[in-house]
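Here is a short report on a single model. It covers confidence, charged pairs, aromatic rings and the surface.

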Amino acid sequence: YLGNACENRKMESKESCLKRGSKDMDALLLGSAAFSYVFYKINPTELVDKVVKFAANALVPGRGAGQNNWFMQNWRALEQSAEKSSREMEIRAELRRWDQQFPELHHELIVRGIAGLVASSIVSSVISMVRPSRRK
């Protein structure tokens with residue numbers, strides 16, 4: 001495979017092309033290994049729980065100013081926690097609807113795929129930083 005690709009390039013010698021190709025192959029193999037490892041090792045339910053809680057906290061406004069008496073402060077805190085809980089339930093219901101509508105694209109499978117892509121990208125970036133290409 002690499003020999004044919006190197007024959008098509010006229011600008012460089014075949015030896016340097018094969019060396020660069022083997023470095024690319026190393027990055028490809030290690031990136032694929034990282035993707036596979038993370039894809040199977042990640043626990044998507046924990047990650048989805050954290051994302052849902054973060055989204056609920058971001059969507060629900062914080063406490064207002066000017067609440068002097070303790071009753072109103074506690075009342076607003078109770079309202080806020082109830083609103084966060086209802087928003088979290090809405091997000092989870094939307095995820096269940098997504099899973100029913102698109103069973104082949106389950107949200108946990110999407111989380112696994114994205115985590116694997118991130119891991120593969122990180123490994124490829126680290127390899128390219130550790131082994132800089134030497135072009136003359």
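Glu79 is partly exposed, with 37% relative accessible area; the class lies between buried, under 20%, and exposed, over 50% (1.4 Å probe, protein chains only). This is a predicted model: local features need pLDDT of at least 70, side-chain atom pairs count only at pLDDT 80 or more, and totals for chains, interfaces and linings use all residues. Residues are numbered from 1 along each chain as its sequence is written, and side-chain values use heavy atoms, with hydrogens and water left out.

Glu79 forms a salt bridge with Arg76. The term means a side-chain nitrogen of Lys or Arg within 4 Å of a carboxyl oxygen of Asp or Glu. Here the closest N and O atoms are 3.7 Å apart. Both residues sit in helix H4, three residues apart, so about one helical turn separates them. Helices are DSSP runs of H or I with at least four residues, numbered from the N terminus. Arg76 is buried, at 17% relative accessible area.

Side chains of opposite charge can pair when their charged atoms come close. A search of the whole structure finds four salt bridges. One of them joins Arg92 to Asp49, with the closest N and O atoms 3.0 Å apart. Arg92 lies in helix H4 (residues 70-101) and Asp49 in helix H3 (residues 44-59), so this pair ties together parts that are 43 residues apart in sequence. Arg92 is partly exposed, at 24% relative accessible area. Asp49 is also partly exposed, at 32%.

Arg92 has a further partner, Glu88, with the closest N and O atoms 3.3 Å apart. Glu88 and Arg92 are four residues apart in helix H4, so about one helical turn separates them. Through shared partners, salt bridges join Asp49, Glu88 and Arg92 into one network.

How many aromatic pairs does the structure hold? There are three. Rings of Phe, Tyr and Trp (its six-membered ring) pair if their centres lie within 6.5 Å; planes under 30 degrees apart count as stacked, over 60 as edge-to-face and the rest as tilted. Phe35 and Phe39 are stacked, because their ring centres are 5.7 Å apart and their planes meet at 20°. Both lie in helix H2, four residues apart, about one turn of the helix. Phe35 is partly exposed, at 28% relative accessibility. Phe39 is buried, at 18%.

The rings of Phe39 and Tyr40 have centres 5.3 Å apart and planes at 85°, so that pair is edge-to-face. Tyr40 is exposed, at 63% relative accessibility. Phe35, Phe39 and Tyr40 form one aromatic cluster.

## A nonpolar surface patch

Trp98, Leu105, Ile110, Ile114, Val118, Ile122, Val126, Met129 and Val130 form a nonpolar patch on the surface. Together they have about 840 Å² of accessible area, computed by the Shrake-Rupley method with a 1.4 Å probe; for residues, only the protein chains shown count as cover. Patches are made of residues with over 30% relative accessible area and no salt bridge: like charges are joined within 9 Å, nonpolar side chains (Val, Leu, Ile, Met, Phe, Trp, Tyr) within 5 Å.

Which helix gives the most to the nonpolar patch? H5 does, with seven residues. Val130 has its place in helix H5. Val130 is exposed, with a relative accessible area of 61%.

## Leu28 and Val123

Leu28 is found in helix H2 (residues 14-41). Leu28 is exposed, at 52% relative accessible area. Leu28 and Val123 are 95 residues apart in sequence. In space, their C-alpha atoms are 9.4 Å apart.

## Confidence

The mean pLDDT of the protein chain is 80, and 76% of its residues reach 70 or more. This score is the predictor's confidence in each residue, from 0 to 100. Where in the protein chain is confidence lowest, and where is it highest? Helix H1 (residues 2-7) is lowest, at a mean of 47, while helix H5 (residues 107-130) is highest, at 90.

Over residues 1-5 the pLDDT is below 50. Beyond near neighbours in sequence, this stretch has five contacts in the model, a contact being heavy atoms within 4.5 Å.

Notes: Helices (H or I, at least four residues) and strands (E, at least two) are DSSP runs, numbered from the N terminus.
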